[in-house]
Amino acid sequence: MRLGVFGISAGTTYGPAATAHLARRCEELGYDNIWLTEHHFQYEGYEVIPNGILVSAWIAARTERIRLGAMFNVVPQWNPLRLAEDFATMHNLSGGRGILGVGRGTVPREILHLNDQHISIGSHDNPDQAADDKKNREYFEESMEIIRTALANERFSFGGKYFQLPQPGIPDRGETVQQLTLVPRPLYPFESWQAVTS
């Protein structure tokens, strides 16, 4: 077995069909896993896969054993419940081959346009951006708590600085919603990898 990680970008050079072909070739060569990149608005023309989970589902249908991850799902760009749902769906469809890759992000133009909380990227070594870095970290940590809780429990609720789940006062059959359920939940165990630079 080859234990190396092989990353693929599906920007202007590769489309989904070519990406799936490369993944099949990696599987033939004995690679254990393949990682896709999540990036948006890359006018430079590289690393443009807006949804590595979706492309991983495409690859899973065309491969048999290679494990699939996104290097990395940029959590502050996602609604945490949507990320948990999409990952669980791909993981189940692939027969348990998904790897949940998560990170805080590095490109402000992506996060600022994909997050209605206006979460930006700060730099831990730049005092002028310390507030952005702190907010990004808090949002990421809350989101990850929601993702882990949603993937691991039949029913869940969460109260934090950025998220109240379920939102208070939602009527449902004469009462109010007190807990949520994630559908689907993972049918198989999975690993979670986190990118870090600080």
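User: Where is Pro184 found?
Analyst: In this predicted model, Pro184 is found in the loop between strand S9 (175-176) and strand S10 (191-194).

User: And what is the peptide bond from Val183 to Pro184, cis or trans?
Analyst: That bond is cis, and its omega is near 0 degrees. Another cis peptide bond joins Met71 and Phe72, with omega about 0 degrees. Phe72 is in the loop between strand S3 (67-70) and strand S4 (73-74). As a general point, most peptide bonds are trans.

User: What about Arg173: is its phi positive or negative?
Analyst: Arg173 has a positive phi, about 55 degrees, although it is not a glycine. The residue lies in the loop between strand S8 (171-172) and S9.

User: Is Arg173 buried or exposed, and why?
Analyst: Arg173 counts as exposed because its relative accessibility is 81%, and the cut-off for exposed is over 50%.

User: Changing topic to H2, which of its residues are buried?
Analyst: In helix H2 (residues 52-60), the buried residues are Gly52, Ile53, Val55, Ser56, Ile59 and Ala60. They cover an arc of only 160 degrees around the axis, so they are on the same side of H2. In general, an α-helix has 3.6 residues a turn, so residues three or four places apart point the same way.

User: What does Asn51 do at the start of H2?
Analyst: A side-chain oxygen of Asn51 comes to within 3.1 Å of the backbone nitrogen of Ile53 there.

User: Now the largest nonpolar core: which residues touch the most other members?
Analyst: This core has 37 residues, and those touching the most other members are Ile59, Leu68, Val75, Ile147, Leu151 and Phe163. Two or more residues come from each of helix H1 (16-28), strand S2 (31-36), H2, helix H3 (80-93), strand S5 (98-103) and helix H5 (130-152). H5 gives the most, with seven residues.

User: And what is Leu68 in contact with, leaving aside its neighbours within four places in sequence?
Analyst: Leu68 contacts Ile34, Ser56, Ile59, Ala60, Met90, Ser94, Arg97, Gly98 and Ile99. Of these, Ser56, Ile59 and Ala60 are among the buried residues of H2.

User: Finally, how many helices and strands does the protein chain have?
Analyst: The chain has five helices and 10 strands. Of its 198 residues, 44% count as buried. Among contacts between residues at least 6 apart in sequence, 71% join residues at least 24 apart.

Methods
Residues numbered from 1 in each chain as written. Predicted model: local features only at pLDDT ≥ 70, side-chain atom pairs only at ≥ 80, totals over all residues. Heavy atoms only, no water. Buried < 20%, exposed > 50% of the residue type's maximum accessible area, 1.4 Å probe, protein only. Helix = DSSP H or I, 4+ residues; strand = E, 2+ residues; numbered from the N terminus. Arc of directions from axis to C-beta. Polar contact = N/O pair within 3.5 Å; in protein donor to acceptor, adjacent residues only side chain to side chain. Core = buried A, V, L, I, M, F, W, Y, C linked by side-chain atoms within 4.5 Å. Contact = heavy atoms within 4.5 Å.
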